[in-house]
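This report looks at a pocket, a pair of helices and some record annotations. Keep the structure in view while reading.

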Amino acid sequence: MKVNDAISGAVFLLLAGAVFWFTKDFRQMPGQNYGASFFPRTIASFMAGLGLLLVVRGIRAGGPWAVPFDWVSSPHHVSNFLVVVAVLVFYILASDWLGFPIAGFASLMILLLWLRGPAHWVQAIVVSVICVIGMQAFFGEVLRVPLPWGILQPVAW
């Protein structure tokens with residue numbers, strides 16, 4: 001959905017206000033003229049200024065507040081969107097218990113089969129296996145960010 005710049009600007013103003021509010025209790029650094037809240041509040045100031053510019057620009061431009069995209073009226077595109085959201089929710093809920101290798105494989109397989117079609121099932125399996133092994137190795141070995149192994153913990157490398 002395309003929204004008017006005034007709405008986007010108002011959201012930026014609210015976020016900037018939230019940053020100011022949540023950084024009010026940050027402590028000062030001993031021996032320095034600024035504390036831990038300096039950089040977040042500096043960024044929030046820029047966000048507020050640019051948000052205000054967006055609000056003014058949106059009000060001047062006029063027009064509708066929101067316009068839905070064309071794909072919203074297409075059942076095929078809406079179902080694709082809903083499947084992607086459902087797969088993400090599944091991964092979030094299942095990845096700790098099943099582990100990344102199983103939940104990631106299942107998520108990628110479902111998406112590939114849904115979006116490319118069941119005729120490409122062999123390619124979907126190959127791509128899913130390669131991607132899951134590659135991501136597990138990259139995150140675990142190179143980046144040192146452990147992905148959950150879940151029920152596969154006994155075979156974790």
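## The largest pocket

The model described here is predicted. Its largest pocket holds about 200 Å³ of space. The residues that line this pocket are Val84, Val87, Leu88, Tyr91, Phe100, Ala103, Gly104, Ser107, Leu108, Leu111, Val132 and Met135.

Three helices each supply at least two residues of the lining: helix 3 (75-98), helix 4 (100-116) and helix 5 (121-142). Helix 4 gives the largest share, with six residues. By type, the lining of the largest pocket has 10 nonpolar residues, two polar residues and no charged ones.

## Helix 1 and helix 2

Helix 1 covers residues 5-22 and helix 2 covers residues 38-61. Their axes come within 7 Å and cross at roughly 160°. Angles over 145 degrees count as roughly antiparallel, and helix 1 and helix 2 are therefore roughly antiparallel to each other.

The crossing of helix 1 and helix 2 is left-handed. In the contact between these two helices there are 16 nonpolar, five polar and three charged residues.

## Annotated regions

The UniProt record, an unreviewed entry, places the feature "transmembrane region" at residues 6-23, 43-61, 81-114 and 121-139.

How much of the chain is helix over residues 6-23? The model shows 94% helix and 0% strand there, with the end C-alpha atoms 26 Å apart. Over residues 121-139 the chain is 100% helix and 0% strand. The C-alpha atoms at the ends of residues 121-139 are 27 Å apart.

Conventions: Residues are numbered from 1 along each chain as its sequence is written. This is a predicted model: local features need pLDDT of at least 70, side-chain atom pairs count only at pLDDT 80 or more; totals for chains, interfaces and linings use all residues. Side-chain values use heavy atoms; hydrogens and water are left out. Axes are lines fitted to C-alpha atoms, for helices over the stretch in contact, and angles run from 0 to 180 degrees between N-to-C directions. Helices (H or I, at least four residues) and strands (E, at least two) are DSSP runs, numbered from the N terminus. Angles under 35 degrees count as roughly parallel, over 145 as roughly antiparallel, 65 to 115 as roughly perpendicular and the rest as oblique. A crossing is left-handed if the near helix is turned anticlockwise from the far one by less than a right angle, and right-handed if clockwise. Ala, Val, Leu, Ile, Met, Phe, Trp, Tyr, Cys and Pro count as nonpolar, Asp, Glu, Lys and Arg as charged, and the others, Gly among them, as polar. On a 1 Å grid over the protein atoms alone, a cavity is a set of points where a 1.4 Å probe fits but cannot get out, and a pocket is an open set with protein on both sides within 12 Å along at least five of seven lines; lining residues have an atom within 4 Å of a point. Grid points are joined across faces, edges and corners, and a volume is the space filled by probe spheres set on the points. UniProt positions are given in the numbering used here, feature names are shortened, and annotations may be inferred rather than shown by experiment.
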